[in-house]
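Work through the following exercises with the sequence and the model side by side.

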Amino acid sequence: SSSSDAVQVSEDGLVTALGYGSAEITATAAGGKTAACTVIVSNFTKYFDFGSADSPVAEGYIAADQSLYDAEKGFGWAENEGIVTADRGAPDALRQDLVEQSSWGASNTFLVDLEDGLYRVSYICGDNDYTRGLMSIHSNGQEMAGGIVVKEKGTFNTGSFEVPVSGGQLALEFRTDEGWTWYVNALEIVKLEEAEKTYSVT
C-alpha cells in the first residue's frame, strides 16, 4: 500500500480503512503478474437506518429517528411535527423499523451535510405489517422518485436516483397525497466520484 494513513493491508490481502484519503494497492501473484487498484476512503458515504431509539440498527448504518437537524451530527429533519417511529419486529434490522408521518398529506424534509458534488441516493420504503399509500421523494424542487406504494403488507420499494449537492447540504423532501402518509426505512447516500476505483493489470 502506498499510504499507511488511509488503509492497512494484511498479509492475506485484507484491506482495512484507517482514515480518510486514498492509497494505491498492488498485489503480486506467484507467477510475477501484478494488479493495482486505487482505494478511496471518504466520509461522503452515509447509510441511514430509520427507526426508534430502541430499534436495532443494521450493521454499517447510522441510526436516524424523528429528531430535528443537529449541526454536530450533520443530519436530521428540518421540521418534525407529526413524525413518529415504528418497529414491526420483522423481517430484519434494516426493514423492520421506519420513520413515518402521522398526519395525512403532510410533507417533511430530511437534511444531510455533505460536500458539494453528485450523489447517488438509494431508498427503502415499505412496511412489514400494513399496506401504504402513494408517496414520492423530491430534491432541488424536482421529483426524484415517484409512484412509491405498498399494495401488499410485507413488501418494500427500493430504487435510486442521482442528485447534485451544492451549499454543503442535501435536502430530501418526502411527500404524499391527501389521505396518505409517507414512510421510509433506509437511505444510502454515496458520492459518485468517491465510489469509483481504478484498476490496472500488468
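**Exercise 1: Charged pairs**

The side chains of R175 and E173 meet in a salt bridge, with 3.0 Å from N to O, where a salt bridge is a side-chain nitrogen of Lys or Arg within 4 Å of a carboxyl oxygen of Asp or Glu. The model is predicted, so that local features need pLDDT of at least 70 and side-chain atom pairs count only at pLDDT 80 or more, whereas totals for chains, interfaces and linings use all residues. Residues are numbered from 1 along each chain as its sequence is written, and side-chain values use heavy atoms, with hydrogens and water left out.

Task: state how many salt bridges the structure holds, and describe the surroundings of the residues in the pairs D92 and R95 and E115 and K191.

Solution. 
1. The structure holds six salt bridges.
2. For accessibility, buried means under 20% relative accessible area, exposed means over 50%, and partly exposed lies in between, with a 1.4 Å probe and protein chains only. R175 is partly exposed, at a relative accessible area of 32%.
3. D92 and R95 are joined through their side chains at 2.8 Å, N to O; D92 is partly exposed at 28% relative accessibility, and R95 is partly exposed at 29%.
4. E115 and K191 are joined at 2.5 Å, N to O. This pair links distant parts of the chain, since E115 lies in the loop between β10 and β11 (117-127) and K191 in strand β17 (residues 186-191), 76 residues apart. Strands here are DSSP runs (E, at least two residues), numbered from the N terminus.
5. E115 counts as partly exposed at 41% relative accessibility, whereas K191 counts as buried at 6%.
6. Salt bridges that share partners also join R88, E100, D127 and R132 into one network.

**Exercise 2: Aromatic rings**

Task: determine how many aromatic pairs there are, and how the rings of F48 and F110 are arranged.

Solution. 
1. Rings of Phe, Tyr and Trp (its six-membered ring) pair if their centres lie within 6.5 Å; planes under 30 degrees apart count as stacked, over 60 as edge-to-face and the rest as tilted. By this rule the count is twelve aromatic pairs.
2. The ring centres of F48 and F110 are 5.3 Å apart and their planes stand at 85 degrees, so the pair is edge-to-face.
3. Because F48 belongs to strand β5 (residues 45-50) and F110 to strand β10 (residues 108-113), the pair ties together parts that are 62 residues apart in sequence.
4. Both F48 and F110 are buried, and they belong to one aromatic cluster that is formed by F48, F50, F75, W77, F110, F174 and W182.
5. R95 lies over the face of F156, at 5.1 Å from the ring centre; the criterion is that NZ of Lys or CZ of Arg is within 6 Å of the ring centre and within 35 degrees of the ring normal.

**Exercise 3: The open sheet**

Task: give the order of the five strands in the open sheet, and say which strands stand at the edges.

Solution. 
1. Two strands pair if DSSP finds at least two bridges between them. The order is β7-β10-β15-β12-β13, with antiparallel pairing.
2. β7 (75-77) and β13 (142-150) stand at the edges with a single partner strand each, so one side of each is left without a neighbour in the sheet.
3. Within this sheet, neighbouring strands are turned by 20 degrees against each other on average, direction ignored.
4. Inside the sheet, β10 pairs with strand β15 (residues 169-176) in the antiparallel sense over six bridges, and N108 has F174 in β15 as its bridge partner.

**Exercise 4: Backbone details and cysteines**

Task: identify which peptide bond is cis, describe the backbone of N140, and count the disulfides.

Solution. 
1. Most residues other than glycine have a negative phi, and most peptide bonds are trans.
2. The peptide bond from A90 to P91 is cis, with omega near 10 degrees, and P91 lies in the loop between β8 (83-87) and β9 (97-101).
3. A90 is partly exposed at 26% relative accessibility; A90 and N128 are 38 residues apart in sequence and 6.7 Å apart in space, C-alpha to C-alpha.
4. N140 has a positive phi, near 55 degrees, although N140 is a residue other than glycine. N140 lies in the loop between β12 (132-139) and β13 and is exposed at 55% relative accessibility.
5. A disulfide is a pair of cysteine sulfur atoms within 2.5 Å, and the count by this rule is zero. C37 is buried at 17% relative accessibility, and C125 is buried at 0%.

Methods:
Helices (H or I, at least four residues) and strands (E, at least two) are DSSP runs, numbered from the N terminus. Axes are lines fitted to C-alpha atoms, for helices over the stretch in contact, and angles run from 0 to 180 degrees between N-to-C directions.
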